[in-house]
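Hi everyone, thanks for making time today.

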Amino acid sequence: MTIWLPLLALNYLSWALLCLAVARYYRHHFSSEPSSTRRRVLRIVGWLTTLLAYVISVRSRGWDIGSVDWCASWMLTAIVWVLLQPYLPRVSRWLAFIGVLSAIALTVYPSSASF
Amino acid sequence: MKNAFRQSMAWLHTWAGLIVSWMLFAIFLGGTLACFDKELDYWMRPALHHLAPGPTSMDAAAASLRTMAPHADTLYLRPPDARDPSIHGFVFEPSKAYLDVALNPRDGKRIPATVGGNFFFDLHYSLQAGKLGSYLVGLAGMLMLLALISGVIIHRRVFKDFFVFRPRAGGQRAWLDGHNFTGVLGLPFHLMIAYTGVIIMMSNYMYAGVQIGYRGDLVRYYDALSGAPKIVEQHRPPDHVASLDAILNDAVRRLGGPVASLEVEHIHDASITVSALAAGNGKVAGGLRTLVYDGAQGSFRSELSAPPAAYRVYQFLSGLHRVQFGGTAIRWLYFLLGATGSVMLATATQVWIKKRSRQAGAAGLRSGYGLVKILNVAVIAGMPVASAALLWANRLLPYDLPDRANLEAESFCASWLLAAVWGALRLQRGKPWRDLFAVTAVLLLALPLMNALTQPRSSLLASVADRDWVLVGVDVTSFVLGLGFAWLGWLSTCTRQRAETRQRAAALSLTQAQAEAP
């Protein structure tokens, strides 16, 4: 069960990064113009994050179910990000950090959650 | 040329989508709820909530099935699993209705009837209308595929507008954004679910092959497809019938995992045969392993060879659709994605009407536009009322009524009809959306309370104390969904007010402009 938090957190983070790589949303979030290097880095790290999520998912649950899990969480996290970020840009960014941090905590100390 | 193509695709998207959108909404919502069919089944059968501890008896269940259907040739028995503690029995008896009963796993006695969570499953694939219904669902699924593909073509900037959602834009823009982002972000799911949904019933939709090769006998066709052995009848009664519990135990040991179902064939003949189908835990395609036993002696006969590749592909695709493979978490994700699909459909019909709001306003309610408006409120706001009412009916109808399951189904239909009529009447003046959302909210928010009053031993508090998380889950989910509907009701009140204020302001400025005009 502990696979779900890292999977959701990484996919959510990847959507946040990919979205911020678009100048229009970067402005909405930070009220400044992103440099082209920054946009490229955001985009590359965004894609790598979702690739990492896919690798983790497939390694823990096998090719077939791992792919389905990854795909479902990929779509849902996109929907959560798109719903949150126009209303609560700050919260939507913090959620990405909190998600990844708690996923790391859960991976390092798996006994802290027994669901 | 390119523009003409896009225009024709826009036409296709609009009309292929509109004519089936209400049916698709019902199918989507039914399917979304059916993600938790067994959990709802369990909630709807309080007789199962406090079973005395003890061994499971498949033999008692089989004996009780045989008295219920004395002429049946084949029995299907589903042993208890983590999601459902009852034994499920399925029987086809010649020239009789299909029998599907839940049995007490201790003594095999029938548990008071309910339509159960299965109601939403039936609604999902056949609209509760038998063969005709399943054809309609298939047609809707195919049109949905058309609408999805043409939708991608006419969406000019799929990638550029990937993250666009402008809730404050108001009017048609916000509805279209809502439709676009639920459609685009959920697209892999929608495509998969529409395609595999049609594929599951493929042999019913493309009947020619079965008709020619198997003279229309679907059972024989599926037997041949899955490689089931042909059993030769001996035309004499069996002198001994082996214990199903012993066979089940042996099958679990040989398979190294749980058994999904036992199929007992030719129960009145010496050729009686029992097949044990492996549960597919850990594989999308399901078990795919079948052990065959001699039903008279109880001895292990053989394991079926792996089914051919075509059948495995079929099993994989239907497994993807039916999501019986990965535990509760993936079912929740399907539930949420299904809800997203329902939102996509609901916003689609709103976009259609908002785009034509001027004509619709001029034509009034007695017109095609009016019909669309009425169907929108009747289906989209009406079906949640009926679904919540079904759960109420389950608890409020006495448990010893003979025709209980039918009465539950009728209360679902009656409450939907009532909601539809109310919605249609209130469209002229009033807030039908707010009314129906409010009713749904009240029904769902009060469900835990009603449950506690009618079944004190299965109340939310008692279930928490018993650590019965399925019962806790149904009550809590109902409450949370109730909060959601209360919010929707509040939103639809506000939107209407805002629209009216805008209209009044526009009218005022118009009269002012006219007054100022020389």
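**A covered strand, and what surrounds it**

Let's begin with strand β5 of chain B, residues 273-278, which is mostly covered: six of its six residues are buried. Strands here are DSSP runs of E with at least two residues, helices are runs of H or I with at least four, and both are numbered from the N terminus. Buried means that 20 or more other C-beta atoms lie within 10 Å of the residue's own; 12 or fewer is exposed, anything in between is partly exposed, and C-beta atoms are placed from the backbone.

Before going further, a word on the source: this is a predicted model, where local features need pLDDT of at least 70 and side-chain atom pairs count only at pLDDT 80 or more, while totals for chains, interfaces and linings use all residues. Residues are numbered from 1 along each chain as its sequence is written, and chains are lettered from A and ligands numbered from 1 in the order in which they are written. The predictor's confidence in each residue, pLDDT, runs from 0 to 100; chain B has a mean of 87, with 95% of its residues at 70 or more. For the model, ipTM is 0.87 and pTM is 0.89.

Back to β5(B). T273(B), S275(B) and L277(B) point one way, V274(B), A276(B) and A278(B) point the other way, and all are buried. What does β5(B) pair with? Strand β4 of chain B, residues 259-265, pairs with β5(B) in the antiparallel sense over six bridges, and there L262(B) stands opposite A276(B). Strand β6 of chain B, residues 290-294, also pairs with β5(B) in the antiparallel sense, over five bridges, with V292(B) opposite S275(B). To count as a pair, two strands need at least two DSSP bridges between them.

Now to the largest nonpolar core, which has 115 residues; Y12(A), A16(A), M75(A), L24(B), F25(B) and A26(B) touch the most other members. Such a core is a set of buried Ala, Val, Leu, Ile, Met, Phe, Trp, Tyr and Cys residues joined through C-beta atoms within 7 Å. Which helix gives the most to this core? That is α15 of chain B, residues 368-396, with 13 residues. Domain 1 (1-45 + 112-227 + 323-355) and domain 2 (356-518) of chain B both contribute residues, so this core lies between them. The domain bounds come from an automatic or database domain assignment. Apart from this core lies another, of 28 residues, including V259(B) and V274(B).

How do the two domains meet? In chain B, 22 residues of domain 1 are in contact with 23 residues of domain 2, contact meaning C-beta atoms, placed from the backbone, within 7 Å. On the domain 1 side, α13(B) gives the most, with seven residues.

Is W416(B) buried or exposed? It counts as buried because it has 21 C-beta neighbours inside 10 Å. Leaving aside neighbours within four places in sequence, W416(B) is in contact with G382(B), M383(B), V385(B) and A386(B).

Finally, the two chains: their contact takes 19 residues from chain A and 21 residues from chain B. On the chain A side, the largest share, 14 residues, comes from α4(A).
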